[in-house]
Every structure is written in C-alpha cells, then in structure tokens.
Amino acid sequence: MSANAGIFTPAPGRAPMRVVLLRQIRMELLLTARRGEAVVLAMGVPLLVLLGAGLTRATNLPTDDRLGYVVPGVLALTVMSTAFTGQAITTGYERGYGVLKRLGASPLTRPGLLFAKTVAILCLVGLQVVALAVVGVIAGWRPELSHLPAALAVTVLATAAYCGLALLIASVLRPETTTAAATLIYVLMLAAGGIMFAAPDLGPAGHFLLPLAAHAEALRATLTDGASVPGSIWLSLTAWATVALTAAARRFRWE
C-alpha cells in the first residue's frame, strides 16, 4: 500500500522456499497427529512389546538384563513403525487420492516434499522415542547417557533410511499393495530383528540384511553396554539411507 497515493500495488511471486518447507513440515505433523491408527501402530505395539517382553519371562532372551535388551529394541521398532510403515501407507494413499498431484501444482518441489516428510518424521520419532524411553526408565531401565550422542546419530541414520524406503515403495506400488508390502516387511522385521527374542547371529552381513536388527544392536551397545557402535552398523545404515533416499528422489511420482 502506497502511503502517498493510497493505491494497492500487488507483488506477485511465490513465497521463499524456506517458508514453503516450514509450512509443509507443519502440515505433515498435523496430518500425522490426526491419524489415530498411525499413533496406535507407532506407539501401541512397541509399548506392548516393552511391557510384555521386558517385565515378564514370556520370551527367552540371551541376557538376564531383560529391560537392557528389550527397551533399545523397542526404540528401534518405534522408529521403523513411524518412519517406514506409517510413512509408506500414508504417502501411498496420498498419491492414490490425488493429494500429491495437487501439491505438484504448488511451489513445493519434489525434493522439498521429500525433505519436509523426512523432517516431520524425525520430529515425531524424537517425541515417540523420548516417551517410550521414559516408560522404560520408570520400569527400571538405566541407560548409559554418556553414549547418547552416538545413539542419536545412529537413530537419525536409521530414520532417513526408513523414510527413503517408505517413499520409494509408495512411489512405485499401488496404495493397496503399498499397505500390504509395508505391513509384511514390518512383521518380518519384528520377527527377525531381535526385539522380543534373540535374533539369529548373521554377523556383519546381518547388519546389511536387517536394518532393524542393526539399529537395535547399536542402541544396546551404546545405551545398555556403554560401548561404541560397531563399524559394520555405521556402514550398513549409511548405505541404506543413501541408497533409499537417492532411489526415492529419482522414482518419486506426484501421481
């Protein structure tokens, strides 16, 4: 508005990309928080596993420190539930319902959408991990806080890997097939990932085959044993994150 002439002068142009990304991240958080089934999947199942396997002898574990084994595994499971399973199903249906097609006509770029979804998931994962860790501490788990930075770093890597894989699957499969595939992978990882009971010892190769098992082992090493993360786990999760995010960026489709 010109103070002298009193004439409105339009200034067309899209908002800065920083503003666009922040608004999309906010929207992703709001939409996820409104989906009750996603919250149940991401928090309910891990919480039941924590209480059932950590406080009872319902399963056989390779250690007498049940909480020290189960809680880190449950934290890793929570990351996978939110970053992979929930993300894949949600994105698949967004594409099927035409939501992504409409976003494609907005100033939001394809890399921008992938970035916003990944950052939103990182925020949600942070809240969920803290909540479950508090439950674990109340139950009697005593983590080694001096190794918390390494645990956080490996969790960020795992989250990025799962986000990339989820977005890739949601881009190449139909929504119904995405739901089935994501759920099947979740169940298989839960069974073979060493969360409720000991996983088969596949050595360093297992870290590349089972990212959930690698993440859980890294959290046990840091938070329970106070040790460093094995190099094969760093390599495994870095490779998963790099390959999955790169493939998702190349194959992602608006419709």
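Student: How does α3 pass α9, in a left-handed or a right-handed crossing?

Tutor: α3 passes α9 in a right-handed crossing, meaning that the near helix is turned clockwise from the far one by less than a right angle. Helices here are DSSP runs of H or I, at least four residues, numbered from the N terminus. This is a predicted model, where local features need pLDDT of at least 70, side-chain atom pairs count only at pLDDT 80 or more, and totals for chains, interfaces and linings use all residues. Residues are numbered from 1 along each chain as its sequence is written, and side-chain values use heavy atoms, leaving out hydrogens and water.

Student: And at what angle do the axes of α3 and α9 cross?

Tutor: Roughly 135°, with the axes coming within 8 Å; axes are lines fitted to C-alpha atoms over the stretch in contact, and angles run from 0 to 180 degrees between N-to-C directions. That makes α3 oblique to α9 (under 35 degrees is roughly parallel, over 145 roughly antiparallel, 65 to 115 roughly perpendicular, the rest oblique).

Student: Which residues of α9 make the contact?

Tutor: Leu212, His215, Ala216, Leu219, Arg220, Leu223 and Thr224 of α9 are there, and the α3 side includes Tyr69, Leu75, Val79 and Met80. Contact means heavy atoms within 4.5 Å.

Student: OK, new topic: how many residues has the largest nonpolar core?

Tutor: It has 50 residues, and Tyr162, Ile195 and Leu212 have the most contacts inside it. Such a core is a set of buried Ala, Val, Leu, Ile, Met, Phe, Trp, Tyr and Cys residues joined through side-chain atoms within 4.5 Å. Buried is under 20% relative accessible area, exposed over 50%, partly exposed in between, with a 1.4 Å probe and protein chains only.

Student: Which helix gives the most to this core?

Tutor: α3, with 13 residues.

Student: What does tyrosine 162 touch?

Tutor: Leaving out residues up to four places away in sequence, tyrosine 162 touches Val79, Met80, Ala83, Phe84, Pro211 and Leu212.

Student: Now glutamine 128: buried or exposed?

Tutor: Glutamine 128, in helix α5, counts as buried because its relative accessibility is 13%. With residues up to four places away in sequence not counted, glutamine 128 touches Ala42, Met43, Thr78 and Thr82.

Student: Since you mention α5, at what angle do the axes of α1 and α5 cross?

Tutor: The axes of α1 (residues 17-33) and α5 (residues 110-139) cross at roughly 50° and come within 8 Å, so these two are oblique to each other. α1 passes α5 in a right-handed crossing.
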